[in-house]
Each structure stands twice: as structure tokens, then as C-alpha cells.
Amino acid sequence: MSDPTYTIYSYFRSSCSARLRIVLNLKGIDYDMKTVNLLKGDHLSSEHKARNPTATVPLLVHTSSNGNIFKIGQSVAAIEYLEEVHPQSYHILPPTSNPEARAITRTLAGIIACDLQPVTNMKVMKRVRALGASAEQWNKEIMTEVLGAYEAVVKDWAGQYSVGDDITLADVCLLPAVWGAQRYGVDIDTFPTIAKISENLSKHPAVIKAHWQNQPDTPEELRAK
């Protein structure tokens with residue numbers, strides 16, 4: 001039986017897409033990429049909604065050797081699916097022998113995936129602007145508050161990365177959020193543990209490949225020099 005093939009529908013600056021790109025790279029899984037331009041509203045097209053009813057990215061599509069197609073439209077669910085389907089490659093959760101570390105990893109990932117990203121995404125920013133407020137200030141304040149919570153939890157568990165010395169689900173959620181926070185003027189240096197973790201993560205080849213500046217749909221003026 002041949003290896004399954006994967007396609008990811010992605011946008012270069014989508015933090016959720018970046019999570020999935022990092023994990024695919026960590027696990028050494030080959031994938032095709034289809035870009036979806038959020039600024040142009042490609043995600044709202046009937047074609048994309050037929051693929052992913054939430055009209056979001058990323059979307060992971062798995063085509064098995066017998067031609068069956070399976071789609072996952074949420075990044076954390078897609079990452080956990082890859083963890084279960086490819087248990088022999090890089091693990092993004094601590095071992096089952098350490099349930100405390102696994103729980104903390106999921107807690108940290110949830111701080112980002114549940115408390116930060118859903119209320120700072122483009123959909124919410126449009127609604128904030130429609131109410132006459134500054135979406136940029138909204139994002140900066142929320143990101144600062146939530147990263148402060150992450151810092152308070154992670155400082156007791158961090159090694160080289162968020163939970164010890166291996167990259168976990170917590171890290172792949174954290175770093176894209178840090179990229180976004182920097183974009184909105186959050187001073188990451190006020191969170192010393194996060195700053196250290198982010199610096200370590202930024203050197204990893206899987207992360208460099210997944211960085212928003214290195215994607216096929218990254219505008220030329222924003223690409224890494």
C-alpha cells in the first residue's frame with residue numbers, strides 16, 4: 001500500500017494554517033498546498049464552502065491509496081489526526097507515561113486556540129471596525145492579556161520549548177500567535193519565557209519552512225530576504 005497523500009488549503013498569514021504546516025514539516029510528511037486568499041474573499045466562495053463549510057483555513061485533505069478522501073477543517077483536529085495516523089514520526093504530545101505534561105501541553109494549546117485566536121481573527125476584526133472601534137487596538141490588548149496567561153502557566157514547565165525540550169502542540173499553537181502579536185505591536189520581551197521559546201523555535205528547519213514569509217502566496221514585498 002502506498003503512502004497517503006495530503007493537500008492543505010492555506011493562507012500565508014493564517015496562524016491556524018501555520019500550525020498545521022509546522023506539524024506536517026516536523027513529521028516529514030509530503031503535502032501539496034492550495035492557497036486561499038482571505039483578503040480577496042476566496043474563503044467565502046461557494047467552491048471553498050463546499051470543501052469546508054466553516055469557510056476557513058486550513059483545510060487538510062487526505063487522499064488514501066484506494067482513492068478515499070477525508071477532510072478536516074480545524075487545525076488542532078487535523079494535527080491530532082496526523083499524530084494518530086503517523087505515530088512512528090515526530091510526536092507532538094509528551095508520552096502517555098507523563099499525563100501531567102500531556103495535560104499541560106493541551107492546556108497551553110487551548111489558551112491560544114480557544115482564548116486568543118477566535119477573538120482576534122479577520123472575521124472578528126471586521127465586526128469590531130463595523131462598530132467604530134480600532135480592530136488593531138482590540139487585537140493588541142487581547143493578545144497581550146492572553147499571552148500573559150500563557151506566560152504564567154508555561155514558566156513552570158518550559159525547557160528549550162514550552163513543555164520540556166521537545167516541540168509540542170503547545171509550541172505549534174504559540175509561535176504563529178507570537179508572529180501575529182508582533183504584527184500588532186505587542187512587546188514579546190515582556191514575556192521572557194515566551195520570548196526564549198520563540199527564539200528557539202525560530203531556528204528549527206520545520207518552523208522556518210512554515211513561516212509566513214516563506215509561503216508560495218507570500219507577496220514579494222513581504223518575503224524573507
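What percentage of the 225 residues of the chain count as buried? In this predicted model, the share is 48%, where buried means under 20% relative accessible area. The accessible surface of the chain amounts to about 11,200 Å², and carbon and sulfur atoms hold 53% of that area.

The overall dimensions come next. Along the principal axes, the C-alpha atoms fill a box of roughly 50 × 45 × 35 Å. The radius of gyration is 17 Å, which agrees with the value near 17 Å that a compact globule of 225 residues would have.

The chain is built from nine helices and four strands. Followed along the sequence, these elements come in the order β-α-β-α-β-β-α-α-α-α-α-α-α. Among contacts with a separation of 6 or more, 62% join residues 24 or more positions apart.

In soluble globular proteins, nonpolar side chains tend to be buried together. Here the largest nonpolar core has 66 residues. Helix 7, residues 169–183, gives the most to this core, with ten residues. Both domain 1 (7–91) and domain 2 (99–208) supply residues to the core, so it lies between them.

Within this core, L147 and Y150 touch the most other members. With neighbours within four places in sequence left aside, L147 is in contact with I112, L116, L174, A181, V186, I188, F191 and I194. Of these partners, L174 and A181 fall in the range of helix 7, residues 169–183.

Note on methods:
Residues are numbered from 1 along each chain as its sequence is written. This is a predicted model: local features need pLDDT of at least 70, side-chain atom pairs count only at pLDDT 80 or more; totals for chains, interfaces and linings use all residues. Side-chain values use heavy atoms; hydrogens and water are left out. A nonpolar core is a set of buried Ala, Val, Leu, Ile, Met, Phe, Trp, Tyr and Cys residues joined through side-chain atoms within 4.5 Å. Buried means under 20% relative accessible area, exposed over 50%, partly exposed in between (1.4 Å probe, protein chains only). Helices (H or I, at least four residues) and strands (E, at least two) are DSSP runs, numbered from the N terminus. Domain bounds come from an automatic or database domain assignment. Contact means heavy atoms within 4.5 Å. The radius of gyration is taken over C-alpha atoms; the globule rule is 2.2 Å times the number of residues to the power 0.38. Accessible areas come from the Shrake-Rupley method with a 1.4 Å probe; for residues, only the protein chains shown count as cover.
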